[in-house]
Amino acid sequence: MKKVLTTTQMAYCDSRTIEGGIPSRELMRRVAQAVYDSRVWQGSVAIICGKGNNGGDGLALACIMADNGIFPKVYLLGDMSKDGRYYYDILQSKGYERIYPICECDYNFDIIVDCIFGTGFKGQPRQQYAEVIDKINASRAYKISVDIPSGLDGDSGRYVTCVKADETITVQFAKSGLYLNDGKDMTGKLSIIDVGIGLHVDGADIVEEQDVAALFPKRKHNTHKGTFGKSAIMGGCGNYLGAVRLANMGLCALRSGGGLNVIIVPQSHVDSILCSVMESTVIGIADDGGYFVFDKQEIDNALKGVDSLAIGMGMGNRYSQNAKIIEHIIKNYPIDVIIDADGLNSLATNVEMLKCAKAQIILTPHVKEMSRLCGKSVEEILDDPIGIAKSFAKEYKVTVLLKGASSVITDGRQVYMVVNGGAELSKGGSGDTLSGVMLGMLSQAIAPIESAYSSAYLTAKVAKDLTEEFSEYGVLPSDVAREICRITK
């Protein structure tokens, strides 16, 4: 797994490295050298430098390019940092005549290197900077941002005015803002350069293919269906039976590795579900007009022998009854429980029930559902998705999978990010499919946090692969459900 750091963590690693004996101007030179080595520089080049150390990276890059017979135009916005001034003086000592104030830039270049703001930037650029960024974006040039697109929040991936880079070359470790919210859209092609900055913090981990593959060892021949666990899907109501079908389709839980599966629906809908199910057992329990009602005995009978449960998909808005069912299950069953969709909205009516749970719980909210659970606004969550998810998971002793452009998975201690998702998953039903896959992972006694990050990675990978056939517009959650089995071989 690759590490992802916040800007504060990155600054700490940077300072520790400098304290360890590598001067900051040497790190600046290494950054510049790595950027220079990243491509063949052809055509006209402009380097636009801000006043901080990111601007110093640009000035150091100009020195290296000049030493190699390439002479970019360098444009300055405001004063330079101490180390930036060092490389500016080197350029001056060489008689470099291509340093200009930004007001003289016409932005008519083949390549523009963006070195305006570093990862520490927050908020809205002042007018002069915002105008420069807008002109960069309007340029025909290929845009390369050093460390981070200027104007992008390095922690949250949000922005007011921001360079839309074709390529971002970031230093040593990825920053969370490059993946969260708008970060992926503004970053373009992302590469990470090693300049010798040490890792002195925990950070988050980016989930990669080999991390998921390790959870699928070759199975022994001497096994049977009971070896791989018994799972249950509980949900559905009059207008939302498709959610349960999707979670079960192709059998998501079974095809991602589980052994036995039960579908629990309101009694009124048993016949409707049976017509689309072959491998699973269907159990109907007490209902009122096609919605679940709390009946302890029937719930207990339906859950006999179950090791893992996904609850909430298409369950409907009878939140009071749903909450009673969820509370009974999590307080009395020491099993793995995924709470999704309407289950989350029901839980939000009494989130304190989590503190009395015997179950090992995974919550799978999107931002609005997270807002209902934690009482913070959507804006607050978008500004700090990692911090809020981690804090909530720690307080309630649950695993949180916060869905977004990149998903954040945390148990309050470890933090993982699944960054391979895309617009192809932005369709109703994708979460139901994800819950089904996750249930299959849990039923094999895979730890909740590993089940959460691996299922998020798998569904994202399958959806991405399917865009080659259907495009990002045409991929359906049912396509993903059918194809999951192909990559778990």
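Biologist: Let's start with F71. How do I read its 45% relative accessibility: buried, exposed or partly exposed?

Modeller: Buried means under 20% relative accessible area, exposed means over 50%, and partly exposed is in between, using a 1.4 Å probe and protein chains only. At 45%, F71 counts as partly exposed, while Y96, at 9%, counts as buried. Bear in mind that this is a predicted model: local features need pLDDT of at least 70 and side-chain atom pairs count only at pLDDT 80 or more, though totals for chains, interfaces and linings use all residues. Residues are numbered from 1 along each chain as its sequence is written, and side-chain values use heavy atoms, with hydrogens and water left out.

Biologist: How many aromatic pairs are there?

Modeller: Rings of Phe, Tyr and Trp (its six-membered ring) pair if their centres lie within 6.5 Å; planes under 30 degrees apart are stacked, over 60 edge-to-face, and the rest tilted. The structure has eight such pairs. One of them joins F71 and Y96: centres 6.4 Å apart, planes at 35°, so it's tilted. F71 is in the loop between α3 (53-67) and β3 (73-76), and Y96 in the loop between α4 (82-93) and β4 (99-101), so the pair ties together parts 25 residues apart in sequence. Those labels are DSSP runs numbered from the N terminus: helices are H or I with at least four residues, strands E with at least two. Ring pairs also link Y75, Y100 and F109 into a cluster.

Biologist: And which charged end sits over the ring of Y86?

Modeller: The test wants NZ of Lys or CZ of Arg within 6 Å of the ring centre and within 35 degrees of the ring normal. R25 passes it, with its charged end 4.0 Å from the centre of the Y86 ring. R318 does likewise over Y291, also at 4.0 Å.

Biologist: How do I judge a helix, say α2?

Modeller: Compare its reach with the expected span, 1.5 Å times one less than its number of residues. Helix α2 (residues 24-37) has 14 residues and spans 20 Å between its end C-alphas, close to the 20 Å expected. Its buried residues are L27, M28, V31, A32, A34, V35 and Y36. Elements covering them include α1 (7-19), α3, α4, β6 (142-146), β7 (167-171) and β9. By contrast, 13 of the 13 residues of α17 are buried, so that helix is largely enclosed by the rest of the structure.

Biologist: What does T459 touch?

Modeller: Contact means heavy atoms within 4.5 Å. Leaving out residues up to four places away in sequence, T459 touches L425, L434, V437, V480 and I484. T459 belongs to helix α18 (residues 448-474) and, at 5% relative accessibility, counts as buried.

Biologist: Last one: which residues touch the most other members of the largest nonpolar core?

Modeller: In soluble globular proteins, nonpolar side chains tend to be buried together. Here a core is a set of buried Ala, Val, Leu, Ile, Met, Phe, Trp, Tyr and Cys residues joined through side-chain atoms within 4.5 Å. The largest has 54 residues, and M234, I311, I329, I339, L354, L363 and F392 touch the most other members. Helix α16 (residues 385-396) supplies its largest share, six residues. There's also a second, separate core of 44 residues, with V35, L61, L76 and C115 among them.
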